[in-house]
Amino acid sequence: MAKKAMIERERKRQMLVRKHAARRAALKEIANDRDKPMEERFKARLKLAKLPRNSSATRLHNRCQLTGRPHGYYRKLKMSRIALRELGSQGQIPGLVKSSW
């Protein structure tokens, strides 16, 4: 089980990304538009820099929804390999049969 502080930090980042997504996208569009004057693009870049760092989607890290483990994460299932193995052994995932010999 991951530290509660790390899980909460990641949850806070997700909230910030959702909160600032529209504003960040609008500023990026202005900043990357070559048809706009240089001053306007520069101001957009400055406003973008003023937004919180954790509101950037690249700061998010995938974590297992059951345990909070950051490594060995399966995107399709949104869980770690260890949690998948546990649930597979218990027969709680339809279609998954874990071999043991």
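Which residues is E10 in contact with, leaving aside its neighbours within four places in sequence? In this predicted model, the answer is R59, L60, H61 and R63. This report begins with the chain as a whole and then returns to E10 and to other selected residues.

## The chain as a whole

The secondary structure consists of three helices and two strands. Read from the N terminus, these elements follow the order α-α-β-β-α. The radius of gyration is 20 Å, well over the 13 Å that the globule rule gives for 101 residues, so the chain is more spread out than a compact globule. Along the principal axes, the C-alpha atoms fill a box of roughly 70 × 30 × 20 Å.

Two further values describe the chain. Buried residues account for 26% of its 101 residues.

## The largest pocket

The largest pocket holds about 400 Å³ of space. It is lined by 18 residues, and those closest to its centre are E10, Q14, R63, C64 and Q65. Helix α1, which spans residues 4-32, gives the most to this lining, with six residues. By type, the lining divides into six nonpolar, six polar and six charged residues.

E10 belongs to helix α1. Is E10 buried or exposed? Its relative accessibility is 6%, and because buried means under 20%, E10 counts as buried. One of its contacts, R63, is also among the residues closest to the centre of the largest pocket.

I7 is likewise found in helix α1. With a relative accessible area of 18%, I7 is buried. Its contacts, apart from neighbours within four places in sequence, are A2, T67 and G68. I7 and R63 are 56 residues apart along the chain, and their C-alpha atoms are separated by 8.1 Å.

G68 lies in the loop between α2 and β1. This residue is buried, at 4% relative accessibility. When neighbours within four places in sequence are set aside, G68 is in contact with A2, I7 and R63. A distance of 6.2 Å separates the C-alpha atoms of G68 and I7, which are 61 residues apart along the chain.

S56 is placed in the loop between α2 (38-50) and β1 (73-74). It has a relative accessible area of 18% and is buried. The side chain of S56 makes a polar contact with the side chain of T58, at 3.0 Å. Not counting residues up to four places away in sequence, S56 touches V17 and R24.

M79 is located in strand β2, which covers residues 79-80. At 12% relative accessibility, M79 counts as buried. Beyond its neighbours within four places in sequence, M79 has contacts with C64, L66, G72, Y73, Y74, L84 and L87. C64 is also one of the residues closest to the centre of the largest pocket.

K78 sits in the loop between β1 and β2. K78 counts as partly exposed, with 43% relative accessibility.

## The segment after α3

V97 is placed in the segment after α3 (81-90). Its relative accessible area is 75%, and V97 is therefore exposed, since exposed means over 50%.

## Selected C-alpha distances

The table gathers C-alpha distances together with the separation of each pair in sequence.

| Pair | Apart in sequence | C-alpha to C-alpha distance |
|---|---|---|
| G68 and I7 | 61 residues | 6.2 Å |
| I7 and R63 | 56 residues | 8.1 Å |
| M79 and G68 | 11 residues | 8.4 Å |
| V97 and L87 | 10 residues | 10 Å |

The contacts of G68 include I7, and the contacts of I7 include G68. L87, listed with V97, is also among the residues in contact with M79.

Note on methods. Residues numbered from 1 in each chain as written. Predicted model: local features only at pLDDT ≥ 70, side-chain atom pairs only at ≥ 80, totals over all residues. Heavy atoms only, no water. Helix = DSSP H or I, 4+ residues; strand = E, 2+ residues; numbered from the N terminus. Buried < 20%, exposed > 50% of the residue type's maximum accessible area, 1.4 Å probe, protein only. Polar contact = N/O pair within 3.5 Å; in protein donor to acceptor, adjacent residues only side chain to side chain. Contact = heavy atoms within 4.5 Å. 1 Å grid on protein atoms, 1.4 Å probe; cavity = no way out; pocket = protein on both sides within 12 Å on 5 of 7 lines; lining within 4 Å. Points joined across faces, edges and corners; volume = space filled by probe spheres on them. Nonpolar A, V, L, I, M, F, W, Y, C, P; charged D, E, K, R; others polar. Rg over C-alpha atoms; globule rule 2.2 N^0.38 Å.
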